[in-house]
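Work through the exercises below with the model open beside the text. Each task is followed by a solution in steps.

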Amino acid sequence: MKDKKVLIVTTSHNTLNNGKETGYWLGEVTHFYHILAAAGFEIDFTSPKGGQPPLDQKSYDLRDKDNRQFWEDKRLQTQLNNTIPIEAVNPEDYAAIYYAGGHGAMWDFSNNERLAQVATQIYENGGFVSAVCHGSAGLLNIKLANGRSLLDGKTVTGFANLEEQLICLTKAVPFLLEDKLKKQGATYKRAMIPFIPHVEVSERLITGQNPQSAKAVAKALIKALQTP
């Protein structure tokens, strides 16, 4: 398991219901990536459509050390700008999958059958499924071999209704993530204070609440992967 790779998923969707641009959230990729890479894990990038995923420009902050280091690395830029189409991903190659957030994930993570199949196979092989923020939308349609939802009976988190309200985007998304997670049989938990790190570990499912949680998700995943 340790010698296998970790797969980062980014959205291919770039428009909110209000017509404004969206995409993946840069820090949710870079904060997670650097911690996994420093621990010696090899990482691949995928997206529903493949190629260059759309960046949510609101997340383009090079004052953030991890963002700057990632953005100025030509090798990483090339890798991220040429994501593997999810249809071409072999789940057998990966010990874990990580759904990075950004509002775009609300559109093309929750209804992509191949993406769900890849996650299911990684999980059924004894691997880990992880997500942060709106990336938890990718968990909604994961069905296990026994026919049950991956979320059924699990404790999870993701971008909270309160957080969506505070940034005034409840009408700009196709659904509220917290509500959908609960409807799939999950026990949803969040931090009492918005926009602070919060992570839930439920068996081999690891989720983070918001962009501030990406590093904590990475650390929890490493601990899980390195536990005999």
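**Exercise 1. A threonine in a helix**

In which helix does T120 lie? Give its burial class and its contacts as well.

Solution. T120 lies in helix 5, where helices (H or I, at least four residues) and strands (E, at least two) are DSSP runs numbered from the N terminus. The model is predicted, so local features need pLDDT of at least 70 and side-chain atom pairs count only at pLDDT 80 or more, while totals for chains, interfaces and linings use all residues. Residues are numbered from 1 along each chain as its sequence is written, and side-chain values use heavy atoms, with hydrogens and water left out.

Step 1: T120 has 13% relative accessibility and therefore counts as buried (under 20% relative accessible area; exposed is over 50% and partly exposed in between, with a 1.4 Å probe and protein chains only).
Step 2: not counting residues up to four places away in sequence, T120 touches I142, K143 and L144 (contact means heavy atoms within 4.5 Å).
Step 3: the C-alpha atoms of T120 and N141 are 9.8 Å apart in space, at 21 residues apart in sequence.

**Exercise 2. Helix 8 and its crossing with helix 1**

Apply the span check to helix 8 (residues 214–226), then describe how helix 8 and helix 1 cross.

Solution. Step 1: at 1.5 Å a residue the 13 residues of helix 8 should span 18 Å, and its end C-alpha atoms are 18 Å apart, so the two agree.
Step 1: A214, V217, A218, A220, L221, I222, A224 and L225 are the buried residues of helix 8.
Step 2: the spacing can be read against helix geometry: an α-helix has 3.6 residues a turn, so residues three or four places apart point the same way.
Step 3: the packing partners of these buried residues are strand 1 (5–9), helix 1 (26–38), strand 4 (94–99), strand 5 (128–132), strand 8 (199–202) and strand 9 (205–208).
Step 4: the axes of helix 1 and helix 8 come within 8 Å and cross at roughly 35 degrees (axes are lines fitted to C-alpha atoms, for helices over the stretch in contact, with angles from 0 to 180 degrees between N-to-C directions).
Step 5: on the helix 1 side the contact is made by G27, E28, H31, F32, I35 and L36, and on the helix 8 side by A214, K215, V217, A218, K219, L221 and I222.
Step 6: these residues divide into eight nonpolar, two polar and three charged (Ala, Val, Leu, Ile, Met, Phe, Trp, Tyr, Cys and Pro count as nonpolar, Asp, Glu, Lys and Arg as charged, and the others, Gly among them, as polar).

**Exercise 3. An aromatic pair**

How many aromatic pairs does a search of the whole structure find? Classify the pair of F45 and F70.

Solution. Step 1: the search finds seven aromatic pairs (rings of Phe, Tyr and Trp, the last by its six-membered ring, pair if their centres lie within 6.5 Å; planes under 30 degrees apart count as stacked, over 60 as edge-to-face and the rest as tilted).
Step 1: the ring centres of F45 and F70 are 6.2 Å apart and the planes are at 80 degrees, so the pair is edge-to-face.
Step 2: F45 lies in strand 2 (residues 43–47) and F70 in helix 2 (residues 65–71), so the pair ties together parts that are 25 residues apart in sequence.

Methods:
Expected span 1.5 Å × (residues − 1).
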